[in-house]
Amino acid sequence: MTEYIATFYSHYGAVCFKKNCEKLGIGTKIMPVPRNLSSSCGTCVRFWMEQKLSEVSLELNEELEQIVQVDGGSYLEIYRSEE
Amino acid sequence: MKNEKKAIVAAGLVIGVISALLVFFGNPVNMGFCIACFLRDTAGALGFHSAPVVQYIRPEIIGLVLGACIMAMVSGEFKARGGSAPVTRFILAVFAMIGCLMFLGCPFRMILRLAGGDGNAIFGFVGFALGIFAGVFFLKRGYTLKRSYKMPALEGQLFPVLQIVFLILLVAAPAFIHFSTEGPGSLHASVWIALAAGLIVGGLAQKTRLCMVGGIRDAVLFREWKLLMGFVAIFASALAMNLILGAVTGTPFFNPGFAGQPVAHTDGLWNALGMFLAGFGCVLLGGCPLRQLVLSGEGNTDSAVTVIGLMVGAAVAHNFGLASSGEGPTSNGKIAVIIGIVVVTVIAFMNSRKKSD
């Protein structure tokens with residue numbers, strides 16, 4: 001099981017992403033962004049799945065900022081939106 | 001996670017001590033820090049309003065922005081961003097300030113007033129919490145001001161540089177800068193003590209993301225108490241310091257009661273409604289006035305626009321007779337707060353995705 005965190009530009013983006021994950025049967029938790037990941041105080045979605053991210057048809061909405069893979073105490077950037 | 005919690009509480013304890021000490025060094029009572037009051041004083045010093053008792057370029061504000069800026073640059077977190085509904089943010093900020101000046105303080109001062117024994121702040125706190133609940137209601141209905149975008153570095157650096165210009169104006173004191181000779185604006189710690197206090201608190205607030213609005217919002221949305229614990233720590237340490245300073249100096253720094261509190265009035269309903277407007281507006285802005293200063297120091301130009309909106313709101317509040325005084329709220333102020341609650345509600349509704357559901 002691989003753990004990921006998705007961060008967003010708005011709370012609404014996080015809620016939409018969470019709903020999309022739940023439709024695909026992916027386990028999620030919505031929470032504040034961890035401080036060691038970002039200095040922003042927004043909302044993130046922590047999610048877990050067996051498959052690789054590329055194998056899942058996750059909807060990457062316009063409010064999505066980045067997705068990182070949680071690797072112990074560090075984060076590996078998987079996706080970042082265009083600035 | 002535990003380290004994050006410890007860091008927030010430790011920062012809160014330090015900030016509470018600094019806040020109490022600023023009063024000892026000359027700031028108005030229960031006003032070691034007040035972002036709303038200090039932005040209002042700075043606006044007055046620049047001549048944006050002509051209330052003679054509240055005109056002084058507050059070094060604490062300069063220090064907060066620069067402290068956050070330095071900390072963000074050192075940790076590689078300075079990022080120039082913007083473009084997320086700046087005009088809407090400006091208007092929300094104007095009304096958030098009008099709410100704060102109905103109550104006579106920002107959320108930060110609300111905590112310091114409680115730590116000084118000012119019971120009127122209890123009404124403010126209740127209204128503030130209800131305002132945050134109102135904002136969270138719209139967040140759950142899909143409220144968003146849309147994303148921000150990367151900006152040229154210079155765009156993010158301008159607001160911190162502006163603070164340096166303010167510092168030069170304060171120290172040089174040219175004739176066109178106003179200085180109160182009586183009232184709250186005339187009461188202040190020395191420039192360098194106030195600046196140092198601002199730098200330390202700005203750095204700590206950047207590192208810990210301290211935010212009064214975020215604290216209650218996260219507690220309601222996620223049952224996450226970390227941020228709120230920071231402000232509990234500020235309250236506890238400011239209260240302890242007030243008691244210690246009172247015992248050491250023989251001058252009471254903790255005066256429990258309602259009547260005769262410094263820079264405060266006893267109208268509970270309007271204390272609550274003022275902070276309801278401030279809390280509601282600040283949730284929609286994404287943070288309390290302190291957090292907006294810190295974000296502006298990190299290069300967030302939307303927050304810089306918000307701070308400018310807060311200053312304009314302060315000028316409007318004094319020019320139009322909306323700000324309360326120790327005598328109580330004004331009729332104009334009451335009308336403005338009601339208009340503000342309506343405007344903020346309309347903004348919240350119009351920017352909620354589920355409004356047509």
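This is a predicted model: local features need pLDDT of at least 70, side-chain atom pairs count only at pLDDT 80 or more; totals for chains, interfaces and linings use all residues.
Select chain A. Its secondary structure comes to one helix and five strands. From the N terminus on, the order is β-α-β-β-β-β. The radius of gyration is 12 Å, close to the 12 Å that the globule rule gives for 83 residues, so chain A is as compact as a globular protein of that length. Along the principal axes, the C-alpha trace of chain A spans about 30 × 30 × 25 Å. Colour by burial next: buried residues make up 37% of the 83 residues in chain A. Contacts reach along the sequence too. Of those in chain A between residues at least 6 apart, 59% join residues at least 24 apart.

Show the strands of chain A.

Five of its seven residues are buried, so strand 1 is largely enclosed by the rest of the structure. Two partners flank this strand:

- Strand 3 of chain A runs antiparallel to strand 1 of chain A and is joined to it by six bridges. Pick A:Y4; its bridge partner in strand 3 is A:F47.
- Strand 4 of chain A also runs antiparallel to strand 1 of chain A, with five bridges between them. Pick A:I5, which stands opposite A:V68 in strand 4.

Move to strand 3 of chain A, residues 43-49. Strand 3 pairs with strand 2 of chain A in the antiparallel sense, over six bridges. Pick A:K29 here. Its bridge partner in strand 3 of chain A is A:R46.

**The helix on the sheet**

**Where chain A meets chain B**

Bring up both chains. The contact takes 13 residues from chain A and 22 residues from chain B. On the side of chain A that touches chain B, helix 1 and strand 2 of chain A are the elements that give two or more residues. Strand 2 of chain A supplies the largest share, three residues. By class, this side of chain A divides into six nonpolar, three polar and four charged residues.

**Helices 5 and 6 of chain B**

Select helix 5 (residues 107-115) and helix 6 (residues 120-140) of chain B. They pack at an angle of about 140°, with their axes 9 Å apart. The crossing is left-handed. Show side chains at the contact: B:P107, B:M110, B:R113 and B:L114 in helix 5 meet B:A121, B:G124, B:F125 and B:F128 in helix 6. What classes of residue make up this contact? Six nonpolar, one polar and one charged.

**Helix 12 of chain B**

Last stop: residues 289-297 of chain B, helix 12. Is this helix mostly covered or exposed? Mostly covered: nine of its nine residues are buried. Among them are B:R291, B:Q292 and B:S296. Step past the end of helix 12 to B:G299, which has a positive phi, near 100°.

Key. Residues are numbered from 1 along each chain as its sequence is written. Chains are lettered from A and ligands numbered from 1 in the order in which they are written. Two strands pair if DSSP finds at least two bridges between them. Helices (H or I, at least four residues) and strands (E, at least two) are DSSP runs, numbered from the N terminus. Two residues are in contact if their C-beta atoms, placed from the backbone, lie within 7 Å. Ala, Val, Leu, Ile, Met, Phe, Trp, Tyr, Cys and Pro count as nonpolar, Asp, Glu, Lys and Arg as charged, and the others, Gly among them, as polar. Axes are lines fitted to C-alpha atoms, for helices over the stretch in contact, and angles run from 0 to 180 degrees between N-to-C directions. A crossing is left-handed if the near helix is turned anticlockwise from the far one by less than a right angle, and right-handed if clockwise. A residue is buried if 20 or more other C-beta atoms lie within 10 Å of its own, exposed if 12 or fewer, and partly exposed in between; C-beta atoms are placed from the backbone. The radius of gyration is taken over C-alpha atoms; the globule rule is 2.2 Å times the number of residues to the power 0.38.
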